[in-house]
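Here are my notes on this model, in numbered points. Have the viewer open while you read.

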Amino acid sequence: MRLRTFLTTTVLASACVAAATTASAEGKPVLTVYTYNSFTSEWGPGPALEKAFEANCACDLNWVALEDGAALLSRLKLEGKNTKADVVLGLDTNLTAETKATGLIAPHGADLSALALPIAWNDVDFVPYDWGYFAFVYDSEKLPNPPQSLAELIDGKDAPKILIQDPRTSTPGLGLVMWLREVYGDKAKDAWAGLKPKILTVTKGWSEAYGLFTQGEAPLVLSYTTSPSYHQIVENSERYKALVFPEGNYMQIEVAARIEGSAQPDLARSFLQFLISAEAQKVIPTTNYMYPVRDIGADLPVQFTALPKPTKSLLLSSEDAAANRDAWIKEWIESVSQ
């Protein structure tokens, strides 16, 4: 995923929610988009996308930033039909079925013909805007011989300490739960028991975990195969690398959707179509550090084309993820708290 800001913005997010309105001081319509905090950071895609969209919409785009993707669903459930959101951006396929079940999501109406995802996409409610693979990223200066498989990471007695995220609040954390379930099935609880001694800490979101990682707290962090591209592009450094495991890496497809009760339905539709435009997609790789959902040709940096890709991709259906999410998170809690 994305190289997110290392600071939480919970207080700021609450203030933004309270300030959400349907018209700006200048009388322009306001489109309120709930998303995660790194998306709106100064180095995230938010500022560039806001500028480009506002150039043609005669509106104001209002970001409301929460800690992480899973927190978006919790906020929508809490607010229900009283939500101030017009669009929610930052969910993934592990959460889409559960989000749709709230009754708050309306069909997007977008033209998806330009999409170039690794899987077919025909969802009428959710528009994908980036994708990638979860991976453990390691510090090659501190860990010259990293685990070469998921089994080695879990079972190895001398395996290094790792940083992971809470699946109740974080989409990467939830992705790891799904990943272990896909690989180990009913023996996932045993896998968690093997992984537990290696877990240095569990953070609420990706930002905090990755910040601790780059500060040297642990040599391994749950992140994405695309995360090293940030260090290569911005820092000109090959220090941080992603592990591709023979058991397969779990895929993430991030999505956006419009809210049924939005006061700005036309603007919401326009924004979702804009998200998958060539203009918007060219912004994604070097700000969110994920793959774009359409072919952007030479605008995809060479650092992305050179990244290792899993030979085996893992991805549960959104229905299976929704049906099992609570039980598997409970299994995770029981395993790591014992």
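1. Helices (H or I, at least four residues) and strands (E, at least two) are DSSP runs, numbered from the N terminus. Buried means under 20% relative accessible area, with a 1.4 Å probe and protein chains only.

2. Ground rules: this is a predicted model, where local features need pLDDT of at least 70, side-chain atom pairs count only at pLDDT 80 or more, and totals for chains, interfaces and linings use all residues. Residues are numbered from 1 along each chain as its sequence is written, and side-chain values use heavy atoms, leaving out hydrogens and water.

3. Helix 10 (residues 227-234) is mostly covered, with six of its eight residues buried. Those six are Ser 227, Pro 228, Ser 229, Tyr 230, His 231 and Gln 232. Their cover includes strand 5 (127-139), helix 9 (206-214), strand 8 (220-224), strand 9 (240-242) and helix 13 (302-305). After helix 10 comes Asn 236, with a positive phi near 55°.

4. Helix 11 (residues 265-275) buries Leu 267, Ala 268, Phe 271, Leu 272, Phe 274 and Leu 275. They sit on the same side of helix 11 because they cover an arc of only 160° around the axis (taken from the directions from the helix axis to the C-beta atoms).

5. Strand 3 (87-92) is largely enclosed by the rest of the structure, since six of its six residues are buried. Two bridges join strand 3 to strand 1 (residues 30-36), running parallel; Val 33 has Val 87 as its bridge partner. Five bridges join strand 3 to strand 10 (residues 249-259), this time antiparallel, and Val 88 stands opposite Ala 257. (Two strands pair if DSSP finds at least two bridges between them.)

6. Thr 93 is in the loop between strand 3 and helix 5. Thr 93 counts as buried because its relative accessibility is 7%. Leaving aside neighbours within four places in sequence, Thr 93 touches Trp 121, Ile 253, Leu 315 and Ser 318.

7. Which residues lie nearest the centre of the largest pocket? Thr 96, Trp 121, Asp 123, Ser 318 and Glu 319, out of 17 lining residues. Here a pocket is an open set of points on a 1 Å grid where a 1.4 Å probe fits, with protein on both sides within 12 Å along at least five of seven lines; lining residues have an atom within 4 Å of a point. Helix 5 (96-100) and helix 14 (318-337) each supply at least two lining residues, and helix 5 gives the most, with three.

Notes
Buried means under 20% relative accessible area, exposed over 50%, partly exposed in between (1.4 Å probe, protein chains only). Contact means heavy atoms within 4.5 Å.
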